[in-house]
Amino acid sequence: MDIEPGELTVGQLAQRSGVAISALHFYERQNLIISRRTSGNQRRYKRDTLRRVALIRIAQRVGIPLAEVAAILALLPENRTPTRQDWERISECWQAELDKRILHLEQLRDDFKDCVGCGCLSLDRCALANPYDALAAKGPGPQRLVTAGGEPCHPGKCA
């Protein structure tokens with residue numbers, strides 16, 4: 001079978017990681033994971049590839065583009081699997097972006113039902129919240145949900 005100790009076939013990696021074989025092939029084409037080829041041209045993965053695949057899946061789940069994942073993984077020497085210390089540095093790199101995404105989701109959850117920030121879809125409330133379209137003077141977009149610089153903020157807390 002041409003498999004060395006500590007290696008997995010693509011089927012085994014798919015089964016253990018919960019990722020389709022086609023997705024693993026895609027990850028490999030994107031240089032997110034690597035394999036060696038046997039004399040019969042079959043893929044063999046180091047067992048620690050499971051950790052790289054888990055990191056990729058976690059990043060995808062929170063909406064981090066694969067290009068960003070690839071850029072972070074490319075910083076690891078010799079394409080090795082991230083250690084605990086590497087993961088801490090990676091998560092620090094993504095902290096600001098994740099905080100911004102969390103705020104956007106909180107806005108959607110808490111504020112969207114009442115007002116979209118005068119863009120304006122809250123026709124029944126707009127005459128009171130934005131008489132004579134006064135927010136238009138601040139510029140385009142949902143003025144109640146973004147700062148002057150375009151960063152998200154909670155309604156009533158934007159400057």
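These questions and answers walk through the fold and the salt bridges of a predicted model.

User: What pattern do the helices and strands follow along the sequence?
Analyst: The protein has six helices and three strands.

User: What percentage of the residues count as buried?
Analyst: Buried means under 20% relative accessible area. The protein has 159 residues. Of these, the buried share is 31%.

User: How many salt bridges does the count come to?
Analyst: Side chains of opposite charge can pair when their charged atoms come close. The rule asks for a side-chain nitrogen of Lys or Arg within 4 Å of a carboxyl oxygen of Asp or Glu. By this rule, the count is four.

User: Which helix holds the Glu 28 that pairs with Arg 43?
Analyst: Arg 43 and Glu 28 form a salt bridge, with N to O at 2.9 Å. The pair links distant parts of the chain, 15 residues apart. Arg 43 sits in strand S3 (residues 43-46), while Glu 28 belongs to residues 21-29, helix H2.

User: Is Glu 28 buried or exposed?
Analyst: The cut-off for buried is under 20% relative accessible area. Glu 28 has 15%, so this residue is buried.

User: How far apart are the closest N and O atoms of Arg 101 and Glu 97?
Analyst: Arg 101 and Glu 97 lie in helix H5, four residues apart, about one turn of the helix. Arg 101 is partly exposed at 23% relative accessibility. Glu 97 is also partly exposed, at 31%. Their salt bridge brings the closest N and O atoms to 3.0 Å.

User: What percentage of the contacts between residues at least 6 apart join residues at least 24 apart?
Analyst: A contact here means heavy atoms within 4.5 Å. Among those between residues at least 6 apart in sequence, the share joining residues at least 24 apart is 54%.

Conventions
Residues numbered from 1 in each chain as written. Predicted model: local features only at pLDDT ≥ 70, side-chain atom pairs only at ≥ 80, totals over all residues. Heavy atoms only, no water. Helix = DSSP H or I, 4+ residues; strand = E, 2+ residues; numbered from the N terminus. Buried < 20%, exposed > 50% of the residue type's maximum accessible area, 1.4 Å probe, protein only.
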